[in-house]
Amino acid sequence: MRISIFCTLVLTYVWGFARVSRAQDAPLPQPWDYTGAMRAVAAKGHGRPGVVLHVGDSITYANPYGAYARFGEGHTQEDKAALKWMHAGANDDTDGWYLAAFDHPDGGRSYTAAGGIRADEMFAGGKAHLPPFKDLLDKYKPRMVVLMLGTNDASANRPIEAFRADMLACVNLMLARGIVSIVSTIPPHVHRLELGKAYNETLREIARRQHLPLIDFEKEILLRRPRDWDGTLLTKGDVHPTASRAGSTPASAPTAENLRNSGYLLRGWLSLKKIEEVKREVFDAASRE
């Protein structure tokens with residue numbers, strides 16, 4: 001009898017722990033529905049099937065960002081299907097992970113991201129030889145774009161209204177071309193903490209009003225590290241996510257513990273899961289109608 005009770009308690013504990021772990025391993029649900037609006041956007045698009053661009057600054061350009069997608073451990077069957085759909089590993093102009101991380105022989109820069117770039121500079125072009133944002137979209141003809149900008153705007157202490165106007169301009173360029181825009185909040189900014197928070201509220205407001213899919217990177221970090229994110233999920237005293245730390249790497253399986261230790265694993269996994277979600281709820285659903 002005692003053994004039976006003991007076994008029941010152990011199984012209950014293990015089952016409860018597994019439930020908590022699974023909950024922690026799932027991205028935060030989005031507070032608003034974007035599916036109807038984005039199906040309408042996608043219906044008027046003429047982009048190349050499966051082409052998903054990653055546009056941003058050094059947090060996008062950095063090789064660790066795409067490590068989980070390109071050669072990570074623990075991919076689900078849905079992960080594998082989505083990665084195949086988005087041409088991951090093709091290493092050509094259909095593979096957004098490749099385009100973001102590519103190093104030009106004549107100077108380190110990528111096709112869709114640049115270290116130090118602000119939202120106004122991405123829109124106008126010229127920084128690190130990037131074209132104006134509209135030309136970048138017209139060249140690669142994506143169906144989706146994962147857009148993360150703002151960290152360098154905050155570092156430069158740009159007014160919120162200027163940042164909002166530039167991000168709205170980028171979003172409107174995509175929507176006008178029938179491109180689904182996935183907006184991401186920026187990580188906590190250790191040197192501009194309050195301004196970074198205000199930027200992220202602005203990004204959430206844009207995404208909510210335009211009915212866009214959102215990756216809330218800031219909230220995902222604070223969920224896992226509410227008080228000790230500086231030095232764990234972000235490099236100590238810096239604005240960049242961590243790569244390898246405490247046995248976790250950007251390509252590790254996305255367990256709850258690994259997602260608390262590697263900032264780049266967290267960001268890469270979140271991007272892949274949101275792309276999967278948009279593929280399923282927007283593109284796959286439209287094809288079934």
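Which residues of helix α2 (residues 35-43) are buried? In this predicted model, local features need pLDDT of at least 70 and side-chain atom pairs count only at pLDDT 80 or more, whereas totals for chains, interfaces and linings use all residues. Residues are numbered from 1 along each chain as its sequence is written, and side-chain values use heavy atoms, with hydrogens and water left out.

The buried residues of α2 are Thr35, Met38, Val41 and Ala42. Because these residues cover an arc of only 125° around the axis, they lie on the same side of α2. The arc is that of the directions from the helix axis to the C-beta atoms. Buried denotes under 20% relative accessible area, exposed over 50%, and partly exposed in between (1.4 Å probe, protein chains only). Helices are DSSP runs (H or I, at least four residues), numbered from the N terminus.

Aromatic pairs were counted for rings of Phe, Tyr and Trp (its six-membered ring) with centres within 6.5 Å; planes under 30 degrees apart count as stacked, over 60 as edge-to-face and the rest as tilted. The count is 5 aromatic pairs. Tyr98 and Phe102 form a tilted pair, because their ring centres are 5.4 Å apart and their planes at 55°. Ring pairs join Tyr98, Phe102 and Tyr111 into a cluster. Tyr98 is partly exposed, at 22% relative accessibility.

Phe163 and Tyr199 are stacked, because their ring centres are 4.2 Å apart and their planes at 5°. This pair links distant parts of the chain, with Phe163 in helix α10 (residues 160-176) and Tyr199 in helix α11 (residues 193-209), 36 residues apart. Both Phe163 and Tyr199 are buried.

How values were computed: Helices (H or I, at least four residues) and strands (E, at least two) are DSSP runs, numbered from the N terminus.
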